[in-house]
Amino acid sequence: MKATYNTPDNSHPHDNLLNQPLTLPNGTVINNRLAKSATSETLATYSNNPTQDLVRLYRRWAASGIGMIITGNIMIDRQALGEPGNVVIEDERDLSILQQWASAVTTQGSQLWAQLNHPGKQAPKGLNTRTISASAVPFSKETQSLFATPEAATEADIVDIIKRFGRSAAICQKAGFSGVQIHAAHGYLLSQFLSPHHNIRDDAWGGSSAKRQRLLLEVYHEIRRQVGPDYPIAIKLNSADFQKGGFTEEESLAVIEALTAAGIDLIEISGGTYETGIAKAQKASTIAREAFFLEFAEKVRKQVDTPLMVTGGFKSYQGMNNALSSGALDMVGIGRLMTIDPDAPQQLLQGRDSAHTVKPIKVGIKMIDNLGVMDVFWYTEQIKRIARGEDPKPNESALCAFIRMIFKSGWGTFSTRRLRAKF
């Protein structure tokens, strides 16, 4: 059934629909329809503790007036990192600074939702002692230089992962985060379990579409058990992986229906993996509408009434407003724009475009550009500038950013492994 309670009031087509509040089914009110989607930050220490850099960064973003901010990857296990410098929440050792982080956003009227994640096999070579996935399926030739072939997760691994998601969510709730988002997109562990390409198991966790959904649903139920019925839980889910033999739109719709039946509060739609490229438009008509996944959102809207957030491709106020006016989505997700213009929501909420435009980042060296991580490196550099109290550099050299990040990643991997060996 099509949603009615969460559709923007588009009776006045010239109104700025971004300014309208959104009430989630559990009664949570988000002040407007703009959300900062998750972006890689790597601002933790190499022992994975959050830092004051994160507090400064998020205070700056929240000052823009944006309705909701979703954190970058927060990992649930120090033995399973996606990058050096990931925040890890597995116990209450960092509760004080987690409370500061949450307060920096919520005291300004925005909501802060913690994105919880396990990388699975999508972790740089050498970073983790063990690299696990649904199955021992290697990466494509183009990305095998970055990522190792994983081990298939054992039953004990899976049970531990489920419990860790719940524990991390409960700590975020205690620290004052407004909600949590389960990351099941972009080729990370939960996405790997959903994909018939990565998950070739023949046990209770694979072998059919329903069994491939099981880990994600168990994670959701464990989080719900630990945080209670009223705490907001969101999901970030691929519309598709864009990979031969991978997760399809039909399978994504089935997952969404199952999560809706389970009581999920918000669904963010994205797409792709680091092997195939993340959130990339394929057709001229899609580029013209800006929102990469608007057509898929329209299909979802016909099936479920859960609030939908779409991230990827938005460039202009008009494109965002048009998407909301269509009724296919309830929240507009922006990510990279806020790394080059942290004040962009102020303009958008006044019906004006940001002065900056998100663009593909290329170094001009095919071997490097084909790795699919150049955008992550470059935009992460801009985030680090904001966290230091500086302004971003929208015209910074892609090659310089790549060289710095490769050095930092190598040093970070070495430092992380060295610190881990001490404990």
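**Reading the contacts and burial of a predicted chain**

Trainee: What places the charged end of Lys121 over the ring of Phe139?

Mentor: The charged end of Lys121 lies 4.9 Å from the centre of the Phe139 ring. A charge sits over a ring if NZ of Lys or CZ of Arg is within 6 Å of the ring centre and within 35 degrees of the ring normal. The 4.9 Å of Lys121 therefore meets the distance limit. Arg214 likewise lies over the face of Trp205, at 3.8 Å from the ring centre.

Trainee: What kind of model is this, and how are its residues numbered?

Mentor: This is a predicted model, in which local features need pLDDT of at least 70 and side-chain atom pairs count only at pLDDT 80 or more, while totals for chains, interfaces and linings use all residues. Residues are numbered from 1 along each chain as its sequence is written, and side-chain values use heavy atoms, with hydrogens and water left out.

Trainee: How many helices and strands does the chain have, and how are they assigned?

Mentor: The chain has 14 helices and 16 strands. Helices (H or I, at least four residues) and strands (E, at least two) are DSSP runs, numbered from the N terminus.

Trainee: What makes the rings of Tyr58 and Trp101 an edge-to-face pair?

Mentor: The structure holds 7 aromatic pairs. Tyr58 and Trp101 form one of them, at 5.4 Å centre to centre with 75 degrees between the planes. Rings of Phe, Tyr and Trp (its six-membered ring) pair if their centres lie within 6.5 Å; planes under 30 degrees apart count as stacked, over 60 as edge-to-face and the rest as tilted.

Trainee: How do you know that the span of α3 agrees with its number of residues?

Mentor: The expected span of a helix is 1.5 Å times one less than its number of residues. The 21 residues of α3 should therefore span 30 Å, and its end C-alpha atoms are 31 Å apart, which agrees. Its buried residues, including Ile161, Phe165 and Cys172, pack against α2, β7, β8, β10, α4 and α5. Gly176 follows α3 and has a positive phi, near 100 degrees.

Trainee: What makes the approach of Ser40 to the side chain of Glu83 a polar contact?

Mentor: The side chains of Ser40 and Glu83 make this contact at 2.7 Å. A polar contact is a pair of N or O atoms within 3.5 Å; within protein, one must be able to donate a hydrogen and the other to accept it, and residues adjacent in sequence count only if both atoms are side-chain atoms. The 2.7 Å of this pair is therefore within the limit. The backbone oxygen of Ser40 lies 3.4 Å from a polar atom of the Thr380 side chain.

Trainee: Which residues does Ser40 touch, leaving aside those up to four places away in sequence?

Mentor: Contact means heavy atoms within 4.5 Å. Ser40 touches Glu83, Val376, Thr380 and Ile383. Ser40 lies in the loop between β3 and α1, and its 15% relative accessible area is why it is called buried. Thr380, found in helix α13, counts as buried at 3%.

How values were computed. Buried < 20%, exposed > 50% of the residue type's maximum accessible area, 1.4 Å probe, protein only.
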